[in-house]
Amino acid sequence: MAATKTQMISRRKFLKLSGALAASTAVANPCRVLYALTKDSGVKNLNEIREVFSACDMCFNKCGLIAQVENDIVKKLDPNPKSLKSRGMLCARGNAGVKQLYDPDRLKYPLLRKGARGEGKWQRLSWDQALDHAAEQLDKIGKQYTRCGFLFMAGTDMQSTFVHQFAEAYGSYNIISHESNCLLSRNRAFLDTYGVMPTPDVLNCKYVIMPGANRFEAIVTPDTMDLMTAMENKSKLVVLDPRFTKTAALADEWYPIKPGTDMAFFLAVAQVIISEELYDKTFIQEKTSGFEELREHVKQYTPQWAEQETDIPAKDIKRIARELAKAAPSAMVYPGRRSSDYEDSTQIRRSYAIVNALLGNWDQKGGLLVPKKVKPGSMHLEAPFYEDNPDDRVDAGMAQMMFGEEGSFKHTRDAILKGEPYPVKGWMTYKTNPMQTGANRNKTIEMINTLDFMMTVDITMSDTAWMADLVLPAPSYLERQDPLSAFLASSTCSGVITRDAVVPAMFESKPVFWIVKELAKRLDLGEFFDYTMDDFRKEQLKKIPEVAKAIKEDGVYNITGPSYGLYKGKPFKTTSKKIELYSTRYKSKGIDPMPVYKSPKSIPENHFRIVVGRNAYITQSASTNNNLLWELQKENHLWVHPESAAALGIKDGETINVKSSAGKVTIKARVTKETRPDTVYMDTGFGVMSNWLTNIAGKGACIAEILEDRADIISGNMAMHETFVTISKI
Amino acid sequence: MVKKLSALGMILVFMAVFIGVAIAEGKGNSRKGKYLFRKSCRTCHTDGAAAKDLSPVSKTQAEWVKTFEALDTLQCKEEWANLSEQDSLDIYSYLHGHAFDSPSPAKCK
């Protein structure tokens with residue numbers, strides 16, 4: 001209870017700070033700060049206040065919000081109480097969205113690089129000049145290297161679908177989502193076990209084990225709020241994390257597990273549940289395949305053995321396994337929404353999926369669910385086929401089971417650098433920043449320097465934009481009309497949301513939908529984009545009029561009713577039509593059909609393992625420069641345990657060197673017991689190269705500079721925890 | 001007429017055998033298959049058109065195998081007979097490779 005109170009106070013402090021800053025900026029000096037950034041500087045009808053529905057875009061969650069608008073100026077963003085997914089709340093980052101809109105650092109017009117790449121010399125272009133130039137480069141590269149010679153990469157955004165459609169109409173198979181720098185190994189593991197990526201019903205869960213995920217800081221709605229509510233209702237939370245995160249601080253039990261050993265823990269939990277017959281025999285018989293193989297397989301993984309690997313006492317592993325089983329089926333291993341960490345990341349996540357299956361929590365209240373969903377219609381793209389194209393993606397075959405529609409940033413970059421199996425010489429990025437989020441920044445720079453042309457569409461001059469040849473300004477989420485977006489959340493809160501422009505787009509910014517339409521016209525592909533956003537939305541809503549009505553009236557469409565008990569008697573989308581404890585598909589591909597534990601590489605002497613994570617103030621590199629959020633965190637630090645710091649003579653706050661085989665940075669040390677002595681940590685999103693991000697230029701260090709690029713062998717997802725660093729005094 | 005039907009039957013039987021062998025050897029071009037599926041199949045197999053809406057995730061991999069082994073039983077068998085063996089195989093590769101229970105189920109677009 002005390003823990004809950006702390007969190008609430010903390011949240012109120014955020015909101016108070018956000019609100020106070022927004023108010024002081026808006027009220028104290030509206031003309032200088034706000035009107036100066038709008039085309040129409042006339043002040044009229046000061047009392048006219050509109051409330052406009054929208055969906056937040058400060059992270060991927062799309063929480064419902066209501067913008068308070070006065071004379072086309074957004075004064076404040078409030079949570080939409082009708083948005084069940086966000087449980088009627090808006091976090092500190094959501095409140096700070098107003099400063100993404102009114103950010104003096106925003107890109108204002110198209111820019112063409114004039115100096116060397118990354119030198120920061122630019123020439124202003126008109127939109128016609130910029131689009132003509134981009135179209136010319138797309139045409140030239142397509143003709144010279146085939147259409148697959150152009151790479152497209154779009155972040156999580158409601159308009160990213162148009163970048164994908166453009167790439168397809170243009171003819172390139174090389175499209176990467178940001179997710180190969182994020183969580184594909186989790187999706188891979190659960191899809192291969194359950195045939196689907198289930199959603200955790202945290203709200204109704206009685207016992208949650210959270211390996212690595214940091215849900216009270218790395219906010220996921222509704223899981224973050226639901227976990228708090230569940231804990232108020234006496235749910236138990238056990239956190240395994242080498243860092244003492246806020247989630248660890250509020251948990252019932254925290255184990256600073258040795259990094260890279262989560263699979264050992266869960267195989268031992270499985271061993272206890274099976275050997276003590278703590279599972280639901282009917283469920284196992286009816287819903288799973290490969291149980292006997294699993295029983296044999298986990299015999300070797302005893303809690304005593306796991307203690308040596310994980311640094312977690314055997315008696316605790318046994319007790320936790322028994323407690324979990326007792327709470328089942330309202331018990332779970334939280335699947336996580338964190339980035340991949342090790343080269344066997346998919347297999348680590350498979351071990352989570354398997355323990356969940358042993359708990360029989362599929363489709364159960366407080367377990368793993370696949371909620372009902374709405375399927376908006378779509379404009380079907382009849383893309384042409386280019387006979388001269390190569391057979392497949394440039395990264396095809398570089399991972400054992402890559403998602404063809406997601407690709408792998410790491411493998412694509414390697415293939416481009418090698419020039420094999422064919423050259424890729426063009427790159428378009430939209431609202432993604434691999435220069436900050438893709439491990440081994442120097443390699444990304446090297447790759448960019450092999451390209452003939454690179455263009456970036458973004459709101460601000462990110463590090464990726466900084467390296468581009470052509471930079472095109474996009475509006476923020478508050479200035480544009482988006483398509484509908486269906487979302488799956490957990491209990492009774494899946495639905496559909498959309499956005500209309502809350503205020504007119506500022507400067508010369510244009511949405512990426514408009515950009516690809518204009519490029520398509522210039523490339524003789526206009527017929528594939530011969531529709532407006534209104535047309536697109538009408539098509540989406542054609543068969544779901546109730547959604548249109550709800551969105552108009554409430555700003556969101558919620559699916560109500562229980563999300564569990566929906567799949568009784570229905571087969572799973574797997575080869576065996578059951579939950580695959582033993583994967584015959586893996587076996588046929590030469591992959592271990594059940595997770596086989598291998599100890600993580602030992603940390604060399606005088607080295608530390610560096611791990612990644614997040615706090616509640618920032619969404620990686622997308623928000624560190626935000627005027628309000630920057631007030632909460634002005635730079636990042638390297639977390640170092642006091643024992644390790646003392647051995648190296650490093651003091652708290654001292655600037656130190658951090659070095660790996662990928663690169664070297666300087667950063668201030670944060671000497672803290674909140675990490676293990678063998679593990680160091682830093683936030684993402686600092687140490688920028690772009691000096692157009694004026695708040696954070698020259699502050700902190702870039703983690704992508706020192707992370708080595710390793711990949712999860714199965715999915716091709718970047719593996720973020722495989723890097724060892726040395727630290728030293730300057 | 002009988003001759004015509006028997007020729008059609010032979011073409012489809014031959015195609016089924018060819019596809020069966022080619023499937024085993026993994027020779028289809030899934031990328032081209034996607035284009036051909038849209039061009040040749042989706043004109044009818046879409047919402048509001050003559051046939052049931054169809055996409056790779058409409059069937060499991062095993063069901064697609066069965067479908068392609070029995071093209072001569074489909075209502076649209078004449079359309080199939082007009083496609084080349086390679087085109088049919090490419091369509092199969094796309095549908096099978098992105099089936100309901102495949103490693104990369106097709107996304108709705």
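In the predicted model, helix H5 (residues 127–145) of chain A packs against helix H20 (residues 512–522) of chain A at an angle of about 60°, and the two axes lie 9 Å apart. H5(A) and H20(A) are therefore oblique to each other, and H5(A) passes H20(A) in a right-handed crossing. On the side of H5(A), the residues that meet H20(A) are Trp127(A), Asp128(A), Leu131(A), Asp132(A), Ala134(A), Ala135(A) and Leu138(A). Their counterparts in H20(A) are Trp514(A), Ile515(A), Glu518(A), Leu519(A) and Arg522(A). By class, the residues of this contact of H5(A) with H20(A) comprise eight nonpolar and four charged, with no polar residue.

Helix H10 (residues 262–275) of chain A takes part in a contact with helix H12 (residues 291–298) of chain A, in which the axes come within 9 Å and cross at roughly 115°. H10(A) and H12(A) are therefore roughly perpendicular to each other, and the crossing in which H10(A) passes H12(A) is left-handed. Leu267(A), Ala270(A), Gln271(A) and Ile274(A) of H10(A) make this contact with Phe291(A), Leu294(A), Arg295(A) and Val298(A) of H12(A). Six of the residues in the contact of H10(A) with H12(A) are nonpolar, one is polar and one is charged.

H10(A) also packs with helix H15 (residues 345–358) of chain A; here the axes come within 9 Å and the crossing angle is roughly 25°. An angle under 35 degrees counts as roughly parallel, and H10(A) and H15(A) are therefore roughly parallel to each other. Their crossing is left-handed. H10(A) contributes Asp262(A), Met263(A), Phe266(A), Val269(A), Ala270(A), Ile273(A) and Ile274(A) to the contact, while H15(A) contributes Gln347(A), Ile348(A), Ser351(A), Tyr352(A), Val355(A) and Leu358(A). The contact of H10(A) with H15(A) divides into ten nonpolar residues, two polar and one charged.

Several backbone features were found in loops of chain A. In the loop between H10 and helix H11 (281–287) of chain A lies Glu277(A), a residue with a positive phi of about 50° although it is not a glycine. The peptide bond from Ala328(A) to Pro329(A) is cis, with omega near 5°; Pro329(A) is located in the loop between helix H14 (314–327) and strand S13 (331–333) of chain A. A cis peptide bond also joins Glu420(A) and Pro421(A), where omega is about 5°. Pro421(A) belongs to the loop between helix H16 (409–418) and strand S15 (426–430) of chain A.

Over all chains, the structure holds 61 salt bridges. One of these pairs the side chains of Lys246(A) and Glu217(A), with an N to O distance of 4.0 Å. Lys246(A) lies in helix H9 (residues 246–250) of chain A and Glu217(A) in the loop between strand S9 (207–211) and helix H8 (223–232) of chain A, so this pair ties together parts that are 29 residues apart in sequence.

At the interface, 19 residues of chain B are in contact with 28 residues of chain A. The size of an interface is often given as the accessible area lost when the parts come together. For chain B and chain A, the buried area is about 2200 Å², and carbon and sulfur atoms give 44% of that area. Four salt bridges are found across the interface of chain B and chain A. A salt bridge links Glu387(A) with Lys32(B), and the closest N and O atoms of this pair are 2.9 Å apart.

Note on methods:
Residues numbered from 1 in each chain as written. Chains lettered and ligands numbered in written order. Predicted model: local features only at pLDDT ≥ 70, side-chain atom pairs only at ≥ 80, totals over all residues. Heavy atoms only, no water. Axes fitted to C-alpha atoms, helices over the stretch in contact; angles between N-to-C directions. Helix = DSSP H or I, 4+ residues; strand = E, 2+ residues; numbered from the N terminus. Parallel < 35°, antiparallel > 145°, perpendicular 65-115°, else oblique. Left-handed = near helix turned anticlockwise from the far one by under 90°. Contact = heavy atoms within 4.5 Å. Nonpolar A, V, L, I, M, F, W, Y, C, P; charged D, E, K, R; others polar. Buried area = accessible area lost by both parts, 1.4 Å probe.
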